[in-house]
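Here's a quick tour of charged pairs and a greasy core. Have the structure open as you read.

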Amino acid sequence: MAYTIMKYYNNIKSLLCGSLLLFAGAASFTSCTDWLDKDPESIVAEDEAFKNFRNFQGYIEEIYNLIPDKESCNYCTAWNFGDDAVHNPEGYAHMDHQVDLGNYRNWVSNNQCWLKGNTYNGRRQSLWDNSWYCIRKCNLGIENIKSLVGTDEERDLLLGQMYFFRAWWHFELMCYFGGMPYIDEAFEANAIPELPRLSFQECADRCAEDFERAFDLLPYDWDETLAGMQESGKNDLRVNKFMALCYLGKVYLWAGSPLMKEFEKTKNGGVAQLLGASANGKTYDYDVAYCKKAAETLGKALDLVKRGTVKYKLAEYKYSSLYDQERDENAETNYSDIFWTHKQSWKMPGSTEAIFRGAYPGVNKANWNCAKIFGPKVAGLVAHDNIIHHPTANLVDQYGMANGQPIYLVQNGELVLNEKSGWDPEHPFKDRDPRFYHDFVFDGFHYVLSTDALDANQKKLEYCDLYTGGAMRAVDNASSTGYFIQKLIPHQCNEGDKWYDYDHAFQCYLPYMRLAEIYLMYAEAKAAIATSASELKDKPSYCPYSAVDAINVLRDRVNSDDYPMEHVQANLMDTREHFIDEIRRERAVELSFEGFRWCDLQRWLLLTEPPYTVKYSHEFERLEKDSWFKDHDPKDAQVGNFHREDLITRRLESKHYWFPLPDKDTYLYEGFKQNPGW
């Protein structure tokens, strides 16, 4: 690979307009190693870097390698900032708890957060630094495309990637920090480009232009191009036409969301003013023009899936044991493989569903990071320190019933029991959405399947004691909420089953976008532009699904004889607003713990509104004998005195709808303004 070696600084000035340091990190992107045919330490002039396709592609590979892996930012990172997750006290320094405290400024100095990165993993995991750096790489490459000696196809592949990434990095920044200057040229070294901050919608328009360019230039499948054939079968991680289309739809939906519409009204020099006290009343107020574009774009993407034009499809939800996530022998794909693989020679997770991911995470990465931060540390049952990232009871309550009804409805800022749900507080785990049994560890759950390696104290914990006062309810080394989550990391990552040991080849990775989200975003966009409840069932000419159909596709995926799941019920689509509530609940369930919740509450203008500001636990008495669980399904257990207790009240203000920019960067020039309230 050809490298342009220049100096890297730690502020936005040098990242935007200074020289570049192109690290040799792309060599770890294993699907692309054949492109990297030059000595990583070699210093090569720019005309060498851009002269042919192989060298040029090597230049672009580093961008893939700098996409932050949220699960690898230090050894026990946190990426769920919404109402869905809590840490135990030893993890209070983590960014998710700092968000609970309203201490958003901590992102700049917190070394456990992918927004800024840390000294342990360095620049690889820094969204802020890598965005400006990679945007400049894209601009420098676009400006030097004329130097390429190659075919039209090669030129299109290179330009398509650079336009895609220029938009993608801008968009990721916008989600957390609001509208940015849109940088579309590589400025001279030591010059400060005094570009004003755009509003979110203005910036989204620029992103959309680049995603459209990428769509026009990129193929659906690299393996079907002459250049891509050199790496046939190893191109899954490279950006393509379908990725560009899906992100174009996402940009439009985000731009049309209530927060962005409201801020567009109040912008002042690109920076929106503080919201008033009535944010919640505007939660259904979408920008129709943007949402119409989103619906059409995402609908076309789903039409491509339905026709089989693209390789992506929903992973199957077929298990011989849902609790243990054992794949059914007749299943061709596996839902769990979206997030982790086991004894598959360190295969990159994603299955057929992951659309956009970063670079290959590397061998045995999970052992030092993700695999040991989700389970109980009581008696050392899960190795490492006492930091545990576990779900709130809020998240658990989002998982409704098998009959398609939510357990609670939100009315006037309070949770009200939905009488149509049939939920029984004496049997709180019975007849739930099948995803509940896949995603959560709850009381009586058979946690350790192989106990031979456990000591006497650990063997007592073979079955979970998650009732109030149980052994696994200790705040310091277990669960304060009554649950653990195993969606991203299976419960077999413990000292008995030892799935995190090297010989299990356990690999994990959290995708940035997967196909289920396209169904969810399409349904939301269609509901946003509906003028009556009847329109929710209308199928447009550009898509084979109505808004209701799109949600039901996801429910059909998890439906089985043993774990049934019904469609959206009539009372939940009698009004546009009721159906939007149900879409949002479905999104919370399907995308749980994947890092979307904070951005969703933010863009829906719900981040500062009750009941989303209070994190709570479930408290209850165990009525069954301990031995009962050895012969019975824990979902059938009867409990007593089941109720909620508040754990954390998040006192967030309107300024907390955006993270603050680093102060030192806002001093560079007058037009680069700090976010309001900071």
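A salt bridge here is a side-chain nitrogen of Lys or Arg within 4 Å of a carboxyl oxygen of Asp or Glu. This is a predicted model, so local features need pLDDT of at least 70 and side-chain atom pairs count only at pLDDT 80 or more, while totals for chains, interfaces and linings use all residues. Residues are numbered from 1 along each chain as its sequence is written, and side-chain values use heavy atoms, leaving out hydrogens and water.

**Salt bridges**
- By that rule, the count is 48 salt bridges.
- One network of them links Glu-353, Asp-433, Arg-435, Lys-487, Arg-514, Arg-555, Arg-557, Glu-582, Arg-585, Glu-586, Glu-590 and Glu-594.
- Asp-236 and Lys-311 pair up too, at 3.0 Å from N to O.
- Asp-236 sits in the loop between α7 (200-217) and α8 (241-256), and Lys-311 in the loop between α10 (288-307) and β4 (319-321), so this pair ties together parts 75 residues apart in sequence.

**A charge without a bridge**
- You'll find Asp-385 in the loop between β7 (354-356) and β8 (389-391).
- Asp-385 is buried (under 20% relative accessible area, with a 1.4 Å probe and protein chains only).
- Asp-385 has no salt bridge, and its nearest oppositely charged side chain, Lys-377, is 4.0 Å away.
- A polar atom of the Asp-385 side chain lies 3.2 Å from the backbone nitrogen of Ile-387.

**The nonpolar core**
- A nonpolar core is a set of buried Ala, Val, Leu, Ile, Met, Phe, Trp, Tyr and Cys residues joined through side-chain atoms within 4.5 Å.
- The largest one has 212 residues, and Phe-164, Phe-356 and Phe-659 touch the most other members.

Technical notes
Helix = DSSP H or I, 4+ residues; strand = E, 2+ residues; numbered from the N terminus. Buried < 20%, exposed > 50% of the residue type's maximum accessible area, 1.4 Å probe, protein only. Lys, Arg positive; Asp, Glu negative; His and termini not counted. Polar contact = N/O pair within 3.5 Å; in protein donor to acceptor, adjacent residues only side chain to side chain.
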